[in-house]
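Here's a quick briefing to read with the viewer open.

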Amino acid sequence: MHTRIVKVRIAEGRWDEFLAAYLEHVDGRDDIEVGMVHRYIVRDVEDPHVGLLMSVWETADDMVRYAEHPFHAAFGEIVPGAITSAEVTHGEVVHERRGV
């Protein structure tokens, strides 16, 4: 499995707007989420302007296809100015343990 983690900084007072737009325009897009296993949207408890958008994918090809979809380039236009910075990391799961 493979992971895509995007660390975003959201402008002050824009978190709710960003999250609503993300859930409306990105989450549940069957046309671009082929092969996705899980998605987590995490808000930092120490810095509420920071979020992690984490997704787990069956294959690297599925993840790359999603990451390279033209939609991502246009997402910033949906909530202009809400995302002040973003850092993307792609990884390979080398160990997994699920809780009981």
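With a relative accessibility of 17%, H2 counts as buried (buried is under 20% relative accessible area, exposed is over 50% and partly exposed lies in between, using a 1.4 Å probe and protein chains only). This is a predicted model, so local features need pLDDT of at least 70 and side-chain atom pairs count only at pLDDT 80 or more, while totals for chains, interfaces and linings use all residues. Residues are numbered from 1 along each chain as its sequence is written, and side-chain values use heavy atoms, with hydrogens and water left out.

**Around H2**
- H2 sits in strand 1, residues 2-10 (helices, H or I with at least four residues, and strands, E with at least two, are DSSP runs numbered from the N terminus).
- Not counting residues up to four places away in sequence, H2 touches S55, V56, W57, E58, T59, A60, M63, G91, E92 and V93 (contact means heavy atoms within 4.5 Å).

- Four strands make an open, antiparallel sheet in the order 2-3-1-4 (two strands pair if DSSP finds at least two bridges between them).
- Strand 2 (36-43) and strand 4 (83-92) are the edges, each pairing on one side only.
- From one strand to the next, the twist averages 15 degrees (axes are lines fitted to C-alpha atoms, for helices over the stretch in contact, and angles run from 0 to 180 degrees between N-to-C directions).
- Strands 1 and 3 run antiparallel and are joined by eight bridges; R9 stands opposite V50 in strand 3.
- Helix 1 packs on the sheet, touching strands 1, 2, 3 and 4, and its direction makes about 170 degrees with that of strand 2.
- Helix 2 also packs on the sheet, and its direction makes about 30 degrees with that of strand 1.

**The core**
- The largest nonpolar core has 17 residues, of which V8, F18, Y22, V26, L53, Y66 and F75 touch the most other members (such a core is a set of buried Ala, Val, Leu, Ile, Met, Phe, Trp, Tyr and Cys residues joined through side-chain atoms within 4.5 Å).
- Helix 1 gives the largest share of this core, four residues.

**Aromatic pairs**
- There are three aromatic pairs (rings of Phe, Tyr and Trp, the last by its six-membered ring, pair if their centres lie within 6.5 Å; planes under 30 degrees apart are stacked, over 60 edge-to-face and the rest tilted).
- W15 and F18 are a tilted pair, because their ring centres are 5.8 Å apart and their planes are at 50 degrees.
- W57 and Y66 are tilted too, with centres 4.8 Å apart and planes at 35 degrees.
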